[in-house]
Amino acid sequence: MPKPLALDFDPIARADELWTRRWGKVPSMAAITSVMRAHQILLGRVDAVVKPYGLTFARYEALVLLTFSRSGELPLSKIGERLMVHPTSVTNTVDRLERAGLVTRRPNPLDGRGVLAAITDRGRQVVEQATRELVAVEFGLDGYDADACREVFELLRPLRVAAGDFEPPAEEGPDRGGA
């Protein structure tokens, strides 16, 4: 868990004021700085919950993804695609999960060069326990109610669409965010 700053002022609001004096009003600067700080805070909160299980949030996400698959296994390439990470990151993640006994690897029978990662029984136990704890702390977002969490999701969705993460359904449009 990151150490609280305990400042008697909001450093991002202060930076916004100073920025405005020097370069003019640029609301996106305060927004990006807030998002980046929120990322640090949330990652610290989530990692504090999953660390006792020998996990990082990235490893936890990989285990969850494997539990979502029908057979409990997926090609490493599919894991990278779904988690939106580089193949090297997937390899590193699966290596660590395998060393911990939470996944196993085997050749992909449908792709001679590919590898499947399969969740083990121990991996299933760990992901269930960690998930219960993460849900109990609202994934670090316990200061927000369900409506606010949905609003955060909707506010960030157009950014993800613009980055090419996915194509929204035609009836949705890129800026409606499914609302």
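1. What share of the 179 residues in the protein chain is buried? In this predicted model, buried residues make up 28% of the chain. The C-alpha atoms of the protein chain fill a box of roughly 60 × 40 × 30 Å, taken along the principal axes.

2. The secondary structure of the protein chain comes to seven helices and three strands, and, read from the N terminus, the elements follow the order α-α-α-β-α-α-β-β-α-α. Of the contacts in the chain with a separation of 6 or more, 49% are accounted for by residues 24 or more positions apart.

3. The largest nonpolar core has 26 residues, and those with the most contacts inside it are L55, Y60, L63, L66, I79 and L97. At least two residues of this core are supplied by each of α2 (27–50), α3 (57–68), α4 (76–83), α5 (87–99), β3 (115–119) and α6 (121–136). Among these elements, α3 gives the most to the core, with six residues.

4. L97, one of the residues with the most contacts inside the core, deserves a separate look. Leaving aside residues up to four places away in sequence, L97 touches L55, R59, A62, L63, L102 and V103; of these, L55 and L63 are likewise listed among the residues with the most contacts inside the core.

5. How are α3 and α5 placed relative to each other? The two helices pack at an angle of about 80°, with their axes 10 Å apart; because an angle of 65 to 115 degrees counts as roughly perpendicular, α3 is roughly perpendicular to α5.

6. In one of them, W19 and W23 form a tilted pair, at 4.5 Å centre to centre and with 55° between the planes. Both residues lie in helix α1 (residues 11–23), four residues apart, which is about one turn of the helix. W19 counts as partly exposed, at 28% relative accessibility, whereas W23 is exposed, with a relative accessible area of 54%.

7. F57 and Y60 form an aromatic pair that is stacked, at 5.9 Å centre to centre and with 25° between the planes. Because F57 and Y60 are three residues apart in helix α3, they are separated by about one helical turn.

8. R14 lies over the face of F9, at 4.3 Å from the ring centre. Not counting residues up to four places away in sequence, D16 touches K25, V26, M29 and A30.

Notes. Residues numbered from 1 in each chain as written. Predicted model: local features only at pLDDT ≥ 70, side-chain atom pairs only at ≥ 80, totals over all residues. Heavy atoms only, no water. Core = buried A, V, L, I, M, F, W, Y, C linked by side-chain atoms within 4.5 Å. Buried < 20%, exposed > 50% of the residue type's maximum accessible area, 1.4 Å probe, protein only. Contact = heavy atoms within 4.5 Å. Phe/Tyr/Trp six-rings, centres within 6.5 Å; stacked < 30°, edge-to-face > 60°. Lys NZ or Arg CZ within 6 Å of the ring centre and 35° of its normal. Axes fitted to C-alpha atoms, helices over the stretch in contact; angles between N-to-C directions. Parallel < 35°, antiparallel > 145°, perpendicular 65-115°, else oblique.
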